[in-house]
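Please work through each task before reading its solution.

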Amino acid sequence: MLLQKDYKFWFCTGSQDLYGEECLQHVAEHSAIIVDRLNQSGILPFEVVLKPTLITNEVIRRTFNEANTDENCAGVIVWCHTFSPAKSWILGLQEYRKPLLHLHTQFNQEIPYDTIDMDFMNENQAAHGDREWGHMVTRMGIERKVVVGHWSDERVQKKIASWMRTAIGIIESSHVRVMRVADNMRNVAVTEGDKVEAQLKFGWEVDAYPVNEIAQSVEAVSASDVNALVDEYYEKYDILLEGREPAEFRRHVAVQAQIELGFERFLQEKNYQAIVTHFGDLGSLKQLPGLAIQRLEEKGYGFGAEGDWKVAAMVRIMKLMTAGMKDAKGTSMLEDYTYNLVPGKEGILQAHMLEICPSIADGPISIKCQPLTMGDREDPARLVFTAKEGRGIATSLVDLGNRFRLIINDVDCKKTEKPMPKLPVATNFWTPKPSLEVGAEAWIYAGGAHHTAFTYDLTAEQMGDWAAAMGIEAVFIDENTTIRQLRNELRWNSVYYR
Ligand code: MN
C-alpha cells in the first residue's frame, strides 16, 4: 500500500580530464568506496547507485535525462571530486526534474600533512569544485539540498538518509490521488482550496464521487468476509461494551468492517490512495466511517474529515515519506479540539469525531460504540486509544487564495495528567513549541487550520524542504519562534510568494 517502487538514488561525481587518466581513475575509485560505505552504513533507507564520472556536457546531459526516465531513480546525489567547470552542467541541470542533493564532501578526512603535494591538491578539490558547481545551481534557481561533511561521519549519513525521505515525498506527490466522497462540509473555509492549483503545484488528482457509489461497493461485501474481519477485530482489540448488549455491539462493529472492505475495494479498483468523508453526507451508509477509516489510515491511506482533501493528501505523503522506517511512531490526521490552560500544564487535546490513525497509539486499543452527537446515523464503532509521547510535527497546508502555505509546528506529545474515561475517541495531547501561548498565537497569525497532518517520524526540516521543492512557502513555528519575527516573515513572504 505504501511504496510500490524499488527506489534508488544515483551518485554522480563531477570531474574533468585536465589532470589526466590516473587522476580520473582515483576519482572513480574514491566514489566507488564512498558509495559502498554509504550503502553498508545501515543508515540510508534506500540504496545509492554509482554512476560513471561526469566530465563532459554530453555525458552529464544524458545521465540526468536517464535519471528522469528511470522510474526507480528517486533523485541524484552530486559531488565534485575535482574541479568540474559548471557550464558543462547547464543543459543537464535544465532538463533534470527530480530531487537533487549536493553532497559537499571530500575523500580524505584529514589533510595529509607529511605527504601533501600539488598532485594531491589537484585531485582533491571539492572545496572549490563544489563551489563552482553550487554557484551554477544557485544561478539557475534550482531547488536542492546541500549536505556538508565527511562522508563517513554518521551525522552526514543521517542527513542524507533524512533527505532521501524528503525526496520520496517529492517524487511520490505527483502520484497521490484523493477520492472525495461527497463535498466539503458547508460553510467551512479551511477544507476548501484550489484543486487545479494543487495539481499544478503538487501533482495531486482530487476527484469527487457520489457517496452512494462507494456505498454500493460496501453493500456488495459478503457476510462471510465481514464476519472474518470482525473476528480479526475481536482478536486484535479490546472490546468495551460499556453496558451495550454483546450481539447488538457486534452488529455495529460489523457495519464498520463492511465499510472497511467496501471502501478499500472501491479505492483499489479506482486507484486512489487517500479519501475524505463528510458526516453530513453519508448516503445509504449506516454509520459514519470510523473504525473503518482508522484501519485504512493504518494501512497507509491518507484521510481528511469533512471533505478536507488537503489533509488527506498530506497524510498520505507523510506516510509514504516514513514508509519502512524502523521504530516509526505513527502518522495521522488530527484536530485541535480543546485546551488545558492550567499554568505549567498547557496543551492542546487532539482528537476527532472518530478517525484518528492507530499507528500513533500507545498501549492497548479498544473498540467502543457510542452516539456521534452529530448527523443522523447509527452509533458508529471506533478505535479508542491514547497516543505516544515524544516530539512530533503538526502541519497545515492552507490555501491563501492566490497560493498555498505549509505551516509546520514542532510539538511535544505527552500523556494527559489524568485519564478521560468518558471520552469515546482516540486522543493525542501536545504542547506546541515554543509554548502554547506563542505557538497558538503564531499558528493563528499564519492562518493554520484546525485539521492537521501529524507525524512523530519526520522533522520540520524535511517538510520545509518538501514545500520548497513544491515551490510553496513554509512557515516554521519552533523553539526559536518569536511573534515579532514571525509576523515580519509573513509580511516578507507575502511579497516573495505572489
Ligand atoms: Mn473536523
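**Exercise 1.** State which residues line the largest cavity of this predicted model, and which elements give two or more of them.

*Solution.* Step 1: the lining is made up of Val-190, Asp-308, Lys-310, Val-311, Met-314, Thr-395, Ser-396, Leu-397, Ala-449, His-451 and Ala-453. Step 2: two or more of these residues come from each of α12 (309-321), β15 (390-399) and β18 (451-455). Step 3: sorted by class, six lining residues are nonpolar, three are polar and two are charged. Step 4: the volume of this largest cavity is about 70 Å³, and the count of cavities of 30 Å³ or more is one.

**Exercise 2.** Describe the largest pocket by its volume and its lining.

*Solution.* Step 1: the space in the pocket amounts to about 600 Å³. Step 2: its lining has 26 residues, and those nearest the centre are Arg-97, Lys-98, Pro-99, Ile-170 and Ala-469. Step 3: at least two lining residues come from each of α6 (154-173), α7 (195-202) and α14 (460-470). Step 4: α6 gives the most, with five residues. Step 5: the classes are twelve nonpolar, seven polar and seven charged residues.

**Exercise 3.** Determine whether Tyr-113 is buried or exposed, and where it is found.

*Solution.* Step 1: the relative accessible area of Tyr-113 is 61%. Step 2: exposed means over 50%, so Tyr-113 is exposed. Step 3: Tyr-113 is found in the loop between β4 (100-104) and α4 (118-123). Step 4: together with Ile-111, Ile-116, Met-118 and Met-121, Tyr-113 makes a nonpolar surface patch of about 520 Å².

Definitions and conventions:
Residues are numbered from 1 along each chain as its sequence is written. This is a predicted model: local features need pLDDT of at least 70, side-chain atom pairs count only at pLDDT 80 or more; totals for chains, interfaces and linings use all residues. Side-chain values use heavy atoms; hydrogens and water are left out. Patches are made of residues with over 30% relative accessible area and no salt bridge: like charges are joined within 9 Å, nonpolar side chains (Val, Leu, Ile, Met, Phe, Trp, Tyr) within 5 Å. Accessible areas come from the Shrake-Rupley method with a 1.4 Å probe; for residues, only the protein chains shown count as cover. A salt bridge is a side-chain nitrogen of Lys or Arg within 4 Å of a carboxyl oxygen of Asp or Glu. Helices (H or I, at least four residues) and strands (E, at least two) are DSSP runs, numbered from the N terminus. Buried means under 20% relative accessible area, exposed over 50%, partly exposed in between (1.4 Å probe, protein chains only). On a 1 Å grid over the protein atoms alone, a cavity is a set of points where a 1.4 Å probe fits but cannot get out, and a pocket is an open set with protein on both sides within 12 Å along at least five of seven lines; lining residues have an atom within 4 Å of a point. Grid points are joined across faces, edges and corners, and a volume is the space filled by probe spheres set on the points. Ala, Val, Leu, Ile, Met, Phe, Trp, Tyr, Cys and Pro count as nonpolar, Asp, Glu, Lys and Arg as charged, and the others, Gly among them, as polar.
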